[in-house]
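Hi everyone, thanks for coming. Today I'd like to walk you through one protein, taking it a few residues at a time. Please have a look at it before I start.

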Amino acid sequence: MSDHKQSTEELESHLKEHLDFLQASADSFDRGAYGEAKRIAVSIRVLVHDTKQSKSLLGQLGRKSDLFVDSAHPVTPGNLSTHSGLVVTSLVPDKGAMYVAFLDDSVGRQAVHTDFDTWWNATVFIDSHGREISRRLLVLTVANQDGGAHVDPELNSAYADLSRNNSLGWFNSDGITYEPLGGPEKAALRQIGHEILKTFIPGYTKAPIYPDGGIVMGGITMLVGEPTAQNSQPIIRAQKVGRNE
């Protein structure tokens, strides 16, 4: 007996289900269930990742040739700071800071459309050791190693330092004590899921939910010598901060 070949209708049904999964996980993440980042990673892997043994769902449907929404802040040549292209930092007085997905907020740069390989392999983090992390590395490490669909005894070192050892080098501080600012990988996966939803659901939009009472900062760049006209200043979103704060 020959194996059943799934029809286009069946594959389209799988696509709808995984977009529904992504949307449900995204909504739960925005309500504070940050572990949903792992489910987001798994659905993205199902949709886009091809290997010798398995075919991606979008590949089977001939949809990997679609142009993907790229919302990431680009890498600035010569930047002496670490780079966080898919997240911003929300700072609330007396409560500290956290990484946040900016969703449809432009963060100083309108989203563009690009081919899959460029989107998948683009650098979205550069840590304090100069290591570059792409969407591909982030998604596959979480899905395959860090609890998405499997838990490995060892993790990719660049990802482990990003998610556990504050390799971006940012801290919460009250002027006396310092605590590592953690969680950039979760917020970045939320933003990648948003890009997928915008790519494959016509007209899909969602505004970010920034914590009340603070400011949001992104696009921070440090350069030697004279600053360039572009990307020389952080983008800041005020959120009802008192003048003395």
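Predicted model: local features only at pLDDT ≥ 70, side-chain atom pairs only at ≥ 80, totals over all residues.

Phenylalanine 68 and phenylalanine 200 are both buried. How many aromatic pairs are there altogether? The count comes to seven. In the pair of phenylalanine 68 and phenylalanine 200, the rings sit edge-to-face, with 5.4 Å from centre to centre and 80 degrees between the planes. Phenylalanine 68 belongs to strand β1, residues 68-70, and phenylalanine 200 to helix α7, so this pair ties together parts that are 132 residues apart in sequence.

Why do we call the pair of tryptophan 119 and tryptophan 120 stacked? Planes under 30 degrees apart count as stacked, and here the planes are at 15 degrees, with the ring centres 5.9 Å apart, so the pair qualifies. Tryptophan 119 is buried, at 0% relative accessibility, and tryptophan 120 is buried as well, at 4%. Ring pairs also join things up: Phe68, Phe116, Trp119, Trp120 and Phe200 are linked into a cluster.

Next, a glycine. Is glycine 214 buried or exposed? Its relative accessibility is 0%, so glycine 214 counts as buried. You'll find glycine 214 in the loop between α7, residues 184-200, and β10, residues 215-218. Glycine 214 and glycine 96 are 118 residues apart in sequence, yet their C-alpha atoms are 9.4 Å apart in space.

Let's move on to charges. The model has 15 salt bridges. In one of them, aspartate 50 pairs with lysine 64, and the closest N and O atoms are 2.6 Å apart. Aspartate 50 is in the loop between α2 and α3, while lysine 64 is in the loop between α3 and β1, so this bridge ties together parts 14 residues apart in sequence. Aspartate 50 has 33% relative accessibility, so it counts as partly exposed.

Another salt bridge joins arginine 63 and aspartate 66, at 2.7 Å between the closest N and O atoms. Here arginine 63 is partly exposed at 24%, and aspartate 66 is partly exposed at 23%.

Aspartate 127 and arginine 131 meet in a salt bridge, 2.8 Å from N to O. Aspartate 127 is buried, with 4% relative accessibility, whereas arginine 131 is partly exposed, at 23%. There is also a network of salt bridges, which links Asp27, Asp30, Arg190 and Lys206.

Finally, let's look at helix α1. Helix α1 covers residues 8-30, which makes 23 residues, and reaches 33 Å from its first C-alpha to its last, close to the 33 Å expected. Which residues of α1 are buried? They are Leu11, Leu15, His18, Leu19, Leu22, Ser25, Ala26, Ser28 and Phe29. After α1 comes glycine 32, with a positive phi near 110 degrees.

That's my tour, and I'm happy to take questions.

Terms used:
Residues numbered from 1 in each chain as written. Heavy atoms only, no water. Helix = DSSP H or I, 4+ residues; strand = E, 2+ residues; numbered from the N terminus. Buried < 20%, exposed > 50% of the residue type's maximum accessible area, 1.4 Å probe, protein only. Phe/Tyr/Trp six-rings, centres within 6.5 Å; stacked < 30°, edge-to-face > 60°. Salt bridge = Lys/Arg side-chain N within 4 Å of Asp/Glu carboxyl O. Expected span 1.5 Å × (residues − 1).
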